[in-house]
Amino acid sequence: MIDAFLAGDLTEVEAAVRAAAAAEIMPRYRQLAAHEIVEKSGPHDLVTIADRRAEEHLTASLTGLLPGSVVVGEEAVHADATVYDALGGDAPVWIVDPVDGTRQFVRGEPGFCTLVALAHHGELLASWTYAAALEEMAIAVRGRGATLGGKPIRSGSPEPGAVLRVAMSHPDYTSDAQKRALLGLRTEGIKARPCGSAGLEYLAVARGDQDAVAFNWEFAWDHAAGLLLVTEAGGAQATLSGAPFRITGGNALPFTAARDEATVERVLHALRGEA
């Protein structure tokens, strides 16, 4: 079933992602009322009516396109943590972050996107990264490469010896222990900065505008689409142990995705504090 779906016309998925953004996100862009913004775990963890409505829209449309599939969405998991267990189940799973970069969205900034990935038995098969305010759509399909605006993209490699440009977990979203785990990036040869929307940071790596990302949280909706996008663009990824990142969890953190294998090794070397 899943093979036949992937071999078919995936433009319907792209259309569904665009439709959800057009119906539920963009009409509220720079138009949010105060009561439409709610804190979840704290002042930096926000959810809006656009997040909720877009996820509901995508849940209906995506499961309609692939009968028997299920959705693991950020807002559904916030309401019921057991929804996350579907990542380890037998059904194909749509992994959805309706508005990645909610803080930017709330501020009226364009640096947000909608992330959708399709996985089965823990394996990433396809992904869609849609920055509606920037009018950019990036798509990756396992074994078929990555595109941006319908044109192939390649991550390439940094210039030999160049200072690496790395986006890392934002301090507003990390514990003290997590901050300490990233201190290795504060070293010669690496220029690290706090990340914005995770999805757009992955896109920057995939298109070669940024050398790597380093994160120390593993929620699948933040990473699934971007990890496939980077690897299909020719990049690589690994956790602190050197093993690949697993969307089902239990990873050795932090982890990195980068333009090439050599850059992954440089970032891991720094994270481990190796001389």
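Contact here means heavy atoms within 4.5 Å. With that in mind, Glu109 touches Tyr29 and Gln104, leaving aside residues up to four places away in sequence. The model is a predicted one, so local features need pLDDT of at least 70 and side-chain atom pairs count only at pLDDT 80 or more, while totals for chains, interfaces and linings use all residues. Numbering runs from 1 along each chain as its sequence is written, and side-chain values use heavy atoms, with hydrogens and water left out.

**Glutamate 109**
- Glutamate 109 sits in the loop between helix H5 (102-107) and strand S5 (113-120); helices (H or I, at least four residues) and strands (E, at least two) are DSSP runs, numbered from the N terminus.
- With 32% relative accessibility, glutamate 109 is partly exposed (buried is under 20% relative accessible area, exposed over 50%, partly exposed in between, with a 1.4 Å probe and protein chains only).
- Tyrosine 29 is 80 residues away along the chain, yet its C-alpha atom is 8.7 Å from that of glutamate 109.

**Helices H7 and H8**
- The axes of H7 (residues 198-206) and H8 (residues 220-232) come within 9 Å and cross at roughly 5°; axes are lines fitted to C-alpha atoms, for helices over the stretch in contact, and angles run from 0 to 180 degrees between N-to-C directions.
- H7 and H8 are therefore roughly parallel (angles under 35 degrees; over 145 is roughly antiparallel, 65 to 115 roughly perpendicular, the rest oblique).
- H7 brings Ala198, Tyr202, Leu203, Val205 and Ala206 to the contact, and H8 brings Asp222, His223, Gly226, Leu227, Leu229 and Val230.
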